[in-house]
Amino acid sequence: MSSPAAPQRLSSRLAFALSPEPAPVLLRTGIAVLIDVVIVYAVARAALIASDYPHDALTHAALPAVFGGMFAFLGSLGGSTRSGLIRAAALSVAAVLLTLLAIWVRPLPIASGVALAAAAVLAGTLARYGEPVATLGSILLYMYFVPFVFGAGAGVPMGSLMLGFGVMIVCTVALRGVAAIVPKRRAPARVHATDEPVEKSTAHRRFSLLPQPELLRLRRTTIRSAIGLGIGAVVVTATGDHNAVWVLMTLIALLPPGLPLTIDRLLQRLVGTMAAMVVLTVFDVVIPPGAMRLAALGVGLVITIAYVRRSYAISVLGISTVAVLAYAQVHLPLGEALLWRGFDTLVGATIAIIVAVIIPVGKKPKAAFATR
């Protein structure tokens, strides 16, 4: 017979996991990124139309520019105007190279696995220097990961890809310039990827290595992230199964290179995903397939970024909404995508837990679940 205190402990644990973090809601940042996405998509689409690109494939051809511009603009926020513009240009170029790599390796299972594992190792290595370098590593990882899982740019002629990328670079740098002239109190803030703030007593310590205990933690989280994501990429490429894509998306959320998997993070992920399934089920009934659903995709993107530090569960609600709508496409029913999204999240969470137990952060497996 179970103890009456057991449900109470579970309820308390869930309440603690879902309580908001002492971090601001980055609403202005989310809105700014959405504006960047809309402008890059509109201008890239117009440029492709002007080049006589087939109308029925315009969205697919523009996606690489949209994804690259979104992450480059996000990574350019914060700091001085000069550093922001430099980061906008440099990250835009990095997005081009990483997207081309994703397009090239996607048909090759082993190359896909090695490339994603290497991207995880790079992100984990940069995380050893704390913020803001840790966030840079995460942005570079997702610059590669998102085009890879969505197959963005596959089959698009190189000339059309370069046209979209050229538009993306110009728009991203220009929009970062616009953000620089917004009054400071209203300007979009920089997003941090790490859970805990990094102590920086002096400016010259900004790029110093973290203390040794944190380096040990990062080494282990990076290893298990590289293994989990590498194997997942091989399976996705070898099978072409959309279910494997959902599992891989869950793995990167639960096994990022710079953060340990905790029971709280797992609970937040599951609650956020279930909430998204409920919201999208209602949305599927109320709003017919079509352009109207783009509004929900935009709201989901804003929520994802705005709550990334405040509440992981709410952020997961946002990104799950974006992922399902984008992957299932706004003009198709969502029933099947919702069903598999929920099931594959559980599969991905199970795999993540197994990897975390095999390669614990601490000396004992339970240490991987000991902190929030």
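**Aromatic contacts and surface features**

In the predicted model, Phe67 is buried, its relative accessible area being 12%. A search of the whole structure returns 4 aromatic pairs. In one of them, the ring centres of Phe67 and Phe150 are 5.7 Å apart and the planes meet at 40°, so the pair is classed as tilted. Because Phe67 belongs to helix 3 (residues 58-76) and Phe150 to helix 6 (residues 133-150), this contact ties together parts that are 83 residues apart in sequence. Phe150 is partly exposed, at 24% relative accessible area.

Tyr144 and Phe148 make a stacked aromatic pair, with 5.9 Å from centre to centre and 15° between the planes. The two residues are 4 apart in helix 6 and are therefore separated by about one helical turn. Both are buried: Tyr144 has a relative accessible area of 1%, and Phe148 one of 0%. An aromatic cluster is formed by Phe71, Tyr142 and Phe145. Elsewhere, Arg265 is placed over the face of Tyr312, at 4.1 Å from the ring centre.

On the surface, a nonpolar patch comprises Val25, Leu27, Ile31, Ile35, Ile39 and Val43, which together have about 440 Å² of accessible area. Ile35 is located in helix 2 (residues 27-50) and counts as partly exposed because its relative accessibility is 43%.

Helix 11 (residues 293-306) contains 14 residues and spans 20 Å from its first C-alpha to its last, close to the 20 Å expected at 1.5 Å a residue. Buried residues in helix 11 include Arg293, Leu301, Val302 and Ile305.

How values were computed. Residues numbered from 1 in each chain as written. Predicted model: local features only at pLDDT ≥ 70, side-chain atom pairs only at ≥ 80, totals over all residues. Heavy atoms only, no water. Patch = residues over 30% accessible without salt bridge, like charges linked within 9 Å, V, L, I, M, F, W, Y side chains within 5 Å. Areas by Shrake-Rupley, 256 points an atom, 1.4 Å probe, with all protein chains shown as cover. Salt bridge = Lys/Arg side-chain N within 4 Å of Asp/Glu carboxyl O. Buried < 20%, exposed > 50% of the residue type's maximum accessible area, 1.4 Å probe, protein only. Expected span 1.5 Å × (residues − 1). Phe/Tyr/Trp six-rings, centres within 6.5 Å; stacked < 30°, edge-to-face > 60°. Lys NZ or Arg CZ within 6 Å of the ring centre and 35° of its normal.
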